[in-house]
Amino acid sequence: MIGQDAACCPGLSAAPLDADRAADLAKVFKALGDPVRLRLMSMIASRGEGGEVCVCELTPAFELSQPTISHHLKLLRQAGLIGCERRGTWVYYWVLPGVLDELAAFLTTAQPAGAPA
């Protein structure tokens, strides 16, 4: 699952995935496969390392109800991509440390020596 040490989990081209790893990654990619969730993830990630964003800043960017936005954010949390914390009436979201790096490493393939980039 996302959040594991990258050394224990080879990239896509390094070795075939076992069934458990494939199921875990499928949840992550399914969560990111929706345009609204992909935009939400981008808005949260664009705050940079350690940055966070209030749901009150996310909702106006969409022509969707607040409960619908909350549902999409819940799916991103369940996929292990973001964390959150309630502060008073607002909830703040951030990208979990290392998650995007792990996804990038998983999708990166090694280039053979001398091959064009």
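Trainee: What share of the residues in the chain is buried?
Mentor: Buried residues make up 32% of the 117 residues. Buried means under 20% relative accessible area, exposed over 50%, and partly exposed in between (1.4 Å probe, protein chains only). A caution: this is a predicted model, where local features need pLDDT of at least 70 and side-chain atom pairs count only at pLDDT 80 or more, while totals for chains, interfaces and linings use all residues. Residues are numbered from 1 along each chain as its sequence is written, and side-chain values use heavy atoms, with hydrogens and water left out.

Trainee: OK. How many helices and strands does the chain have?
Mentor: Five helices and three strands. From the N terminus on, they run α-α-β-α-α-β-β-α. These are DSSP runs numbered from the N terminus: helices are H or I with at least four residues, strands are E with at least two.

Trainee: In what order do the strands sit in the sheet?
Mentor: The order is 1-3-2, in an open sheet with antiparallel pairing. Two strands pair if DSSP finds at least two bridges between them. Strand 1 (residues 53–54) has two bridges to strand 3. Strand 2 (residues 82–87) and strand 3 pair over six bridges.

Trainee: Why is one side of strand 1 and of strand 2 left without a neighbour?
Mentor: Both stand at the edges, each with a single partner strand, so one side of each has no neighbour in the sheet.

Trainee: Which residues stand opposite each other?
Mentor: Cys54 stands opposite Tyr92 in strand 3. Gly83 has Trp94 as its bridge partner in strand 3.

Trainee: And what does Gly88 do in the hairpin of strand 2 and strand 3?
Mentor: Gly88 takes a positive phi near 65 degrees. That hairpin has two residues between the strands.

Trainee: Which residues are on the covered face of strand 3?
Mentor: Val91, Tyr93 and Val95. The uncovered face has Trp90, Tyr92 and Trp94. Tyr92 also has the charged end of Arg87 over its ring, 4.4 Å from the centre. The rule there: NZ of Lys or CZ of Arg within 6 Å of the ring centre and within 35 degrees of the ring normal.

Trainee: Back to Tyr93. What is Tyr93 in contact with?
Mentor: Leaving aside neighbours within four places in sequence, its contacts include Ile44, Val53, Leu73, Arg77 and Ile82. Contact means heavy atoms within 4.5 Å. Tyr93 is also among the residues with the most contacts inside the largest nonpolar core, which has 24 residues. Such a core is a set of buried Ala, Val, Leu, Ile, Met, Phe, Trp, Tyr and Cys residues joined through side-chain atoms within 4.5 Å.

Trainee: Which elements each supply at least two residues of this core?
Mentor: Helix 1, helix 2, helix 3, helix 4, strand 3 and helix 5.

Trainee: New topic. How many aromatic pairs are there?
Mentor: Ring centres of Phe, Tyr and Trp (its six-membered ring) must lie within 6.5 Å; planes under 30 degrees apart count as stacked, over 60 as edge-to-face and the rest as tilted. By this rule there is one pair. Phe29 and Phe106 are tilted, 6.5 Å centre to centre with 40 degrees between the planes. Phe29 is in helix 1 and Phe106 in helix 5, 77 residues apart.

Trainee: Phe106, buried or exposed?
Mentor: Buried, at 5% relative accessibility. Phe29 is partly exposed at 33%.

Trainee: Last one. How many disulfides?
Mentor: Zero, searching the whole structure. The cut-off is a pair of cysteine sulfur atoms within 2.5 Å. Cys54 is buried at 1%, and Cys56 is partly exposed at 33%.
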